[in-house]
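User: Let's go through this one together, taking strands, salt bridges, disulfides and a side chain in turn.

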Amino acid sequence: MSRLMKNLALTSALVALVACGVDDHPGEVCSDTEPCPSGQECYRGFCVGEGCVDDETRGCFTGDRTLIGIGECLEGTQTCVEGAFGACLGQVIPRTEVCNTLDDDCDGRVDEISGMECPTGMPGVCGVGTLACGDSGAICTPTTPASDEVCNSRDDDCDTRVDEGLEGDECYPAETEGCTIDEDGGVLCVGACRPGTFQCQEDMTRACVGAIVPSVDPDTCTPPGELAADDDCDGLIDEDCDCELDATQSCYGGAMGTDGVGPCMAGTQTCEMVDASTNRFGPCVGAVLPTTETCSNEGVDNDCDGMPDDVAMRGMVCVEEGNVGACRNGVRDCVGTMLGCVTPEPTEGDVCNLADDDCDGMTDEDTDTSSDAAHCGMCGNACENECCDGACTDVRFDEMNCGGCGMDGMACGVGQECCGGMCRSPAECAGCAEDCSATGTSCCSMACVDTMSDENNCGMCGNTCEAGSFCCGGSCVPESPDSCGQSCTPCGATDLCCAGGCVPQGAMHCNTCGTGCGGDCCTDAHTGECVNLQTDESNCGVCGVVCPGDDTCSNGMCCGAGLTNCGGTCLNVNGNDRNNCGSCGRRCASSGCGIAGLGAQSCSGGVCGCG
């Protein structure tokens, strides 16, 4: 029967149906889940149209026919068997684009996944990447590569730390006597002088804050019974003070606060005759002063700061130039008596994670993305069934890979279909090749599927979920913390759903995926707020702690108006406290005022002075 005659017969049948009503039509009942035999059409719930002549063939394509001949898309052939057209054999319909130098989705472009945004799995600014096709499949490369840290509250070098190496390190004003900094960053001070610390400023620069520099006036003469110190940081103690011949006093020429810490201890100086009319104190004998911390004597606190072995730059990130891959970045640590760069050991083999774990200069070389079902086409792209030539498929029903991939299986011939992993005639493959009811699934397009979770058959055969939504319990729902990713897993009470997975809020994700937090992240019901627990009056010290009344948050503790948290006690540093004058721990001198300079300084309005 010619195609023209068949079309005329189908038209006549449809006209007859309209004329007599579907209730009078004796044809086979059909629906979306119970299609008509090949060669017939489902009209108002009934199969209409005539069959075909055995061995008659016709072209077929189950996708958009305008795509035939574009890329890999090819028209197939249907053969009439026992009065009905069988499956469409030999057709190639659009598939998901993978890195294989082919136009898999038939859009006229090859491997166009390049340029798409992707998660790299790396911390900091390196977390967002761009896909590119490589020799072993798709590779996600950071859009913003790692760079040196700058004061911007971001993890620029992608090591999970923010502004490290820019804040907290010791410093001292340049061209100022009293302290010196060696090439390894160690600080050695003389007398009462002490270093400050680098702090990031609002203008993204860093400044040296808190350093104590030499006093403008000469050394203050020490009252009897007190420890003599080098106030002007010149290496001499009370060198301008009159004294009684042969009198002695305790002396210490190191930085304030280091006497009696570690090996450091005070010495003794004796009053000596300078000339017939002048007596002055001589050198400080027996004192042990701070020295530069070193790796050569483990457990010794050389610089007398209360922390043994805190060698300058120890614990900082470093790069071993001769290494590659994961073995390139390390941490500075003591290796014997020297400070060296300690890097990770290479793994036994490379895992598919877009990184060179075994440090051999190659990435993911142990994974064949053309056949690995866990990494099909690219790392992390897991197949539900098999992976053939870099694309996910089901060899039970794939006519090009029936029973196995490529040479391991076989392509079905003309007039055959693939069901149950075997090439058979259309009559043998009618419906599903297995009993779907035995597994609690439904038969859709000759495959048993779970309509409760299948995104292409969600709730019913043929109901495909839109991009960004997933099939949960037979309904298409958008991705959210309540139904995250393909598994539709509900996230924790405060977690976010990012790139198909539940992640806790914190420094990497605060309120919004990929939004880094330079301070602390206080979370509540999938939302978060980036705060500074040291100064935030609504989150003082701990998230949710609100300072009452006019109290302010000072160093993580609620204090009354005008008070400052000094080591757990709220003090008025701008008042008359001689031990905390102007700032925590700043003591006014015990001499230098009154007759012969023997009177102690007082504190007024946070300023030390005489009066």
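Analyst: Before the pairing, a definition: two strands pair if DSSP finds at least two bridges between them, and strands (E, at least two residues) as well as helices (H or I, at least four) are DSSP runs numbered from the N terminus. Keep in mind that this is a predicted model, where local features need pLDDT of at least 70, side-chain atom pairs count only at pLDDT 80 or more, and totals for chains, interfaces and linings use all residues. Residues are numbered from 1 along each chain as its sequence is written, and side-chain values use heavy atoms, with hydrogens and water left out.

User: Which residue in β13 is the bridge partner of Phe198?

Analyst: Strand β12 (residues 196–200) and strand β13 (residues 206–209) run antiparallel, joined by 4 bridges. In their hairpin, 5 residues sit between the strands, and Met204 has a positive phi near 70°. On the β13 side, Phe198 has as its bridge partner Cys208.

User: How far apart in sequence are the parts that Arg280 and Asp242 tie together?

Analyst: These two side chains meet in a salt bridge at 2.3 Å, N to O; the term means a side-chain nitrogen of Lys or Arg within 4 Å of a carboxyl oxygen of Asp or Glu. Arg280 sits in strand β17 (residues 278–281) and Asp242 in the loop between β14 (228–229) and β15 (248–252), so the parts they tie together are apart in sequence by 38 residues.

User: Is Asp242 buried or exposed?

Analyst: The cut-offs first: buried is under 20% relative accessible area, exposed is over 50%, and partly exposed is in between (1.4 Å probe, protein chains only). Asp242 has a relative accessible area of 65%, so the call is exposed.

User: What is the distance between the closest N and O atoms of Glu75 and Arg65?

Analyst: Glu75 lies in the loop between β3 (57–60) and β4 (76–81), and so does Arg65, so the pair ties together parts 10 residues apart in sequence. Glu75 is partly exposed at 37% relative accessibility, and Arg65 is partly exposed at 44%. They form a salt bridge, with the closest N and O atoms apart by 2.6 Å.

User: Why is the disulfide of Cys73 and Cys106 called right-handed?

Analyst: The structure holds 34 disulfides, each a pair of cysteine sulfur atoms within 2.5 Å. In this one, the S to S distance is 1.9 Å. Cys73 is buried at 0% relative accessibility, and Cys106 is buried at 3%. The disulfide is right-handed because the torsion about the S-S bond is about 100°.

User: Where does Cys405 lie?

Analyst: Cys405 forms a disulfide with Cys388, their sulfur atoms 1.9 Å apart. The torsion about the S-S bond is about -75°, so this disulfide is left-handed. Cys388 is in strand β21 (residues 386–388), so the pair ties together parts 17 residues apart, with Cys405 in the loop between β22 (391–393) and β23 (417–419).

User: Which backbone nitrogen does the side chain of Gln505 reach?

Analyst: Gln505 is in the loop between β30 (501–503) and β31 (520–524), and is buried with a relative accessible area of 13%. A polar atom of its side chain lies 3.1 Å from the backbone oxygen of Thr527. At 3.4 Å, the side chain of Gln505 also reaches the backbone nitrogen of Gly528.

How values were computed
Polar contact = N/O pair within 3.5 Å; in protein donor to acceptor, adjacent residues only side chain to side chain.
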